[in-house]
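Please look over the model below. My notes follow as numbered points.

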Amino acid sequence: HGGGLGISAWIEQAYRLGPGGRWSGVIAAGGSALRADGPLEAQQREALGFGWASLGYAVTERWALGAQFTLHTPLYKDSELDALRQTGGQLAVALSYDSGSAGTWSLGFQEDPIVESSPDFSIHLAWRSH
């Protein structure tokens, strides 16, 4: 509940590190503007900032480990709920397997290092086709 028409823009820089390029990552920052709407319209912020940093390691040609830390500015103002009024932060960690022509599978979890700023814990399962 909340939100409406909006726009986002960000810049990101990908990089490779170390011999053989086994280490990789991305650093990004951006902003979002949206029209307040819904039952919390009076408290909803119309401009938000966000960013993330990720780091990955290719264990083998098929297996990879990765972690990403994401931050965003508070989504609402004048709320007594921490999840609405404070900066949000999520830490995600995943293991990926590239099965070749059948795509890449990833299994990971996400935790909220900034307590009560986002869902406490979640599990992610993804498949990407090639």
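1. Tryptophan 127 is partly exposed in this predicted model. Its relative accessible area is 47%.

2. By the ring-pair rule, the model has 7 aromatic pairs. In one of them, the ring centres of tryptophan 105 and tryptophan 127 are 6.4 Å apart. Their planes meet at 45°, so this pair is tilted. The pair links distant parts of the chain. Tryptophan 105 sits in strand β6 and tryptophan 127 in strand β7, 22 residues apart.

3. A nonpolar surface patch covers about 1,100 Å². Its members include Trp105, Trp127, Leu91 and Phe121. Strands β4 (63–72), β5 (88–98), β6 (104–111) and β7 (121–128) each give two or more residues to the patch. β7 supplies the largest share, with 4 residues.

4. Leucine 91 belongs to strand β5. With a relative accessible area of 35%, leucine 91 is partly exposed.

5. Ring pairs also join Trp10, Phe50 and Trp52 into a cluster.

6. Is serine 32 buried or exposed? Serine 32 is buried, because its relative accessibility is 15% and the limit is under 20%. This serine lies in strand β2 (residues 23–34). A polar atom of the serine 32 side chain is 3.4 Å from the backbone oxygen of isoleucine 7. Leaving aside residues up to four places away in sequence, serine 32 touches Ile7, Ser8, Glu46, Ala47, Leu48 and Phe50.

Key. Residues numbered from 1 in each chain as written. Predicted model: local features only at pLDDT ≥ 70, side-chain atom pairs only at ≥ 80, totals over all residues. Heavy atoms only, no water. Buried < 20%, exposed > 50% of the residue type's maximum accessible area, 1.4 Å probe, protein only. Polar contact = N/O pair within 3.5 Å; in protein donor to acceptor, adjacent residues only side chain to side chain. Contact = heavy atoms within 4.5 Å. Patch = residues over 30% accessible without salt bridge, like charges linked within 9 Å, V, L, I, M, F, W, Y side chains within 5 Å. Areas by Shrake-Rupley, 256 points an atom, 1.4 Å probe, with all protein chains shown as cover. Salt bridge = Lys/Arg side-chain N within 4 Å of Asp/Glu carboxyl O. Phe/Tyr/Trp six-rings, centres within 6.5 Å; stacked < 30°, edge-to-face > 60°.
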